[in-house]
Amino acid sequence: MIGVFREQDELGRRLIVILRGFPCSYGKCTFCPFAIEQSLHTSKVIFDNREIINNAVREKEEYRPDRIAVFNGGSFHELPYDTVERLKPLAKNTVFEVEERSEFITLESIRNLLDYYKPEHLVIRVGFETFREDIREKTLNKGMPDSELKRVIQVRIEAQSRGWPVSIWSYLLFGMKGISEESVAESLRAFKKVFDGVIAVRYKKYLPNHPEPVPVSKELRELLNREADLVDWGGEQWMIGEKKGYAPE
Ligand code: SF4
């Protein structure tokens, strides 16, 4: 699903820019499908991203989105500088969304992103996935213990108390064996108290060694639809590895 996509949903009129990334430097989450689209070849990452960003700049002119989200199946801070630099015209004076692993979220990294891109508002999405440390660290192997969760919560408080235009949102994973519905409901409530938004993502199994998906009850569906800021039910357009939108080969 690398490419540029127009989207109109609960978050408004959005342009989604999905870039080619290098393999995530952590790379150990048990459910992670992103390796399917990542590349170890610097030239491929750079040239694919140039093409995607050129298309995104044209789309921004035409579509006039309220917000622009840039994803790379890992952390924004792991993109090559060539890509980072070319994103400037997309990010300026708009609501600009990026994804990071927790270790890249510091007061200094936020200040640098704000100074460099000058967005109207910066949204950082982080994949804590669940508030329950046992599930996060044992079932998902996220490498983000509660100490990291607490640290990022504090970074958010300090950044916002300085009046910086930044929000931190968390992903919430559901529909996977080992993540009980009770824990999803508990995590949703807890994340809403400490972050600015929650994006619930239905688990999809991409590789044979990944955990099994499980059905989602009507009660959980209704809860997520009602209380999460956005629910990714895994529509066809987000299938990793599929070629959609303005996607390079
Ligand atoms: S942090 Fe994200 S990209 Fe990295 S291994 Fe985990 S799920 Fe995959």
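**Exercise 1. Which residues have the most contacts inside the largest nonpolar core, and how many residues does that core have?**

Solution. Keep in mind that this is a predicted model. Start with the count: the largest nonpolar core has 60 residues. Within it, the residues with the most contacts are Val17, Ile68, Val70, Ile124, Leu172, Val198 and Ala200. Next, look at where the core's members come from: strand E6 gives the largest share, 6 residues. Finally, pick out leucine 172 and set aside its neighbours within four places in sequence. Its contacts then are Glu129, Val184, Ser187, Leu188, Phe191, Val198, Ile199, Ala200, Val201 and Ala228.

**Exercise 2. Work out how helix H6 is oriented, and what covers its buried residues.**

Solution. Begin with the length. H6 runs over residues 146-161, and its 16 residues should span 22 Å at 1.5 Å a residue; the end C-alpha atoms are 22 Å apart, which agrees. Now list the buried positions: Leu149, Val152, Val155, Arg156 and Ala159. Viewed down the helix axis, these buried residues fall within an arc of 120°, so they line one face of H6. Turn to the face directed away from the buried side, and you will find the exposed residues Ser147, Lys150, Gln154, Ile157, Glu158 and Ser161. What covers the buried residues includes helix H4 (107-117), strand E5 (121-129) and strand E6 (166-174). After the helix comes glycine 163, with a positive phi near 80°.

**Exercise 3. Asparagine 93 and glutamate 129 each have a positive phi. Decide for each whether it is buried or exposed.**

Solution. First, recall the background: most residues other than glycine have a negative phi. Asparagine 93 has a phi near 55° and sits in the loop between helix H3 (88-91) and strand E4 (95-100). It has 11 other C-beta atoms within 10 Å, and the cut-off for exposed is 12 or fewer, so asparagine 93 is exposed. Glutamate 129 has a phi near 70° and belongs to strand E5. Here 26 C-beta neighbours lie inside 10 Å, and buried requires 20 or more, so glutamate 129 is buried. Glutamate 129 is also among the contacts of leucine 172.

**Exercise 4. Describe the surroundings of the ligand by residue class.**

Solution. List the shell first: Cys24, Tyr26, Gly27, Lys28, Cys29, Cys32, Phe34, Gly73, Gly74, Arg101 and Gly127 surround the ligand. Then sort them: 5 are nonpolar, 4 polar and 2 charged.

How values were computed:
Residues numbered from 1 in each chain as written. Predicted model: local features only at pLDDT ≥ 70, side-chain atom pairs only at ≥ 80, totals over all residues. Helix = DSSP H or I, 4+ residues; strand = E, 2+ residues; numbered from the N terminus. Expected span 1.5 Å × (residues − 1). Arc of directions from axis to C-beta. Contact = placed C-beta atoms within 7 Å. Near = placed C-beta within 6 Å. Nonpolar A, V, L, I, M, F, W, Y, C, P; charged D, E, K, R; others polar. Core = buried A, V, L, I, M, F, W, Y, C linked by C-beta atoms within 7 Å.
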